[in-house]
Amino acid sequence: MVNNIIGGDANTLHDVAAAFAASQAAQGVSYTEVRYDPVRAAVSNYTRATISQEAAVAAVSAGLRAGAEQHGIAVFSLLCAMRGKPPSACDAVADLAASVRSQELGGVVGLDLAGDELDFNNTTPFDYVPCFRRAKKVLGLNTTGEVPRAKANTTNDVLTAVEQMHADRIGHGYAAIASPEALASL
């Protein structure tokens with residue numbers, strides 16, 4: 001719903017990103033990375049507005065930079081490939097992240113895998129491992145792998161994220177506590 005309210009409009013994306021930075025500063029956060037899906041940020045099904053994914057990322061980055069500079073904090077972003085989409089969609093987001101990557105405030109610093117981890121783990125029914133390997137090894141992106149918070153495949157997702165996807169970070173890594181094998185790997 002949020003994406004349909006703010007998506008598809010560069011000015012709104014900029015303003016929301018700047019407000020996010022202000023909110024982080026108000027909470028005493030001095031460094032943060034916000035993660036979002038550039039595909040959904042580029043479209044609003046409510047207003048039927050569409051901008052390019054590059055324009056959406058540019059608007060978010062500019063807003064984050066403005067908010068970060070105004071409040072004296074460091075804010076960057078990760079672009080999210082979404083679970084439930086085919087691996088080619090993951091590759092497209094990885095390519096976008098690599099093409100707009102920036103260490104400037106507000107810049108894109110990596111790739112994340114997000115979404116429905118209950119029905120779509122790292123390898124089933126779609127295999128996201130090749131996308132993340134390419135993002136890391138070929139495109140040189142920082143990567144984050146999300147794992148289920150409470151599901152039987154937590155062990156598999158932690159292990160594939162660390163050992164096969166070469167993720168720099170594990171989102172919801174605390175779920176590994178349920179798996180002695182995953183904890184040993186970490």
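Rings of Phe, Tyr and Trp (its six-membered ring) pair if their centres lie within 6.5 Å; planes under 30 degrees apart count as stacked, over 60 as edge-to-face and the rest as tilted. The structure holds 3 aromatic pairs by this rule. In one of them, the rings of Phe 120 and Phe 126 have centres 6.2 Å apart and planes at 10°, so this pair is stacked. Ring pairs join Phe 120, Phe 126 and Tyr 128 into a cluster.

This is a predicted model: local features need pLDDT of at least 70, side-chain atom pairs count only at pLDDT 80 or more, and totals for chains, interfaces and linings use all residues. Residues are numbered from 1 along each chain as its sequence is written, and side-chain values use heavy atoms, with hydrogens and water left out.

**Overall fold**

The chain has 8 helices and 7 strands. These are DSSP runs, numbered from the N terminus: helices are H or I with at least four residues, strands are E with at least two. The C-alpha atoms fill a box of roughly 45 × 35 × 30 Å along the principal axes. A compact globule of 186 residues would have a radius of gyration near 16 Å; the chain has 17 Å, which agrees. That radius is taken over C-alpha atoms, and the globule rule is 2.2 Å times the number of residues to the power 0.38.

Of the 186 residues, 46% count as buried. Buried means under 20% relative accessible area, exposed over 50%, partly exposed in between (1.4 Å probe, protein chains only). Contact means heavy atoms within 4.5 Å. Among contacts with a separation of 6 or more, 74% come from residues 24 or more positions apart.

**Helix α2**

Helix α2 covers residues 10-26. At 1.5 Å a residue, its 17 residues should span 24 Å; its end C-alpha atoms are 24 Å apart, which agrees. The expected span is 1.5 Å times one less than the number of residues.

Leu 13, Ala 17, Ala 18, Ala 21 and Gln 24 are buried in α2. Seen down the helix axis, the buried residues of α2 fall within an arc of 130°, so they line one face. The arc is that of the directions from the helix axis to the C-beta atoms. On the other side, Asn 11 and Ala 26 are exposed. The buried residues pack against α1 (2-6), β1 (31-36), α3 (38-41), α4 (53-71) and β4 (74-82).

Both ends of α2 have local detail. At the start, a side-chain oxygen of Asp 9 reaches to within 3.3 Å of the backbone nitrogen of Asn 11. Just after α2, Gly 28 takes a positive phi of about 85°.

| Residue | Relative accessibility | Class |
|---|---|---|
| Met 165 | 0% | buried |
| Ser 61 | 11% | buried |
| Phe 126 | 25% | partly exposed |

Met 165 sits in the loop between α7 (154-164) and β7 (169-171). Beyond its neighbours within four places in sequence, Met 165 is in contact with Leu 113, Asn 122, Tyr 128, Val 129, Phe 132, Arg 133, Thr 143 and Thr 160. Met 165 and Ala 49 are 116 residues apart in sequence and 35 Å apart in space, C-alpha to C-alpha.

Ser 61 lies in helix α4. Its side chain reaches the backbone oxygen of Gly 106 at 3.1 Å. Leaving aside neighbours within four places in sequence, Ser 61 is in contact with Leu 105, Gly 106, Gly 107 and Val 108.

Key
A polar contact is a pair of N or O atoms within 3.5 Å; within protein, one must be able to donate a hydrogen and the other to accept it, and residues adjacent in sequence count only if both atoms are side-chain atoms.
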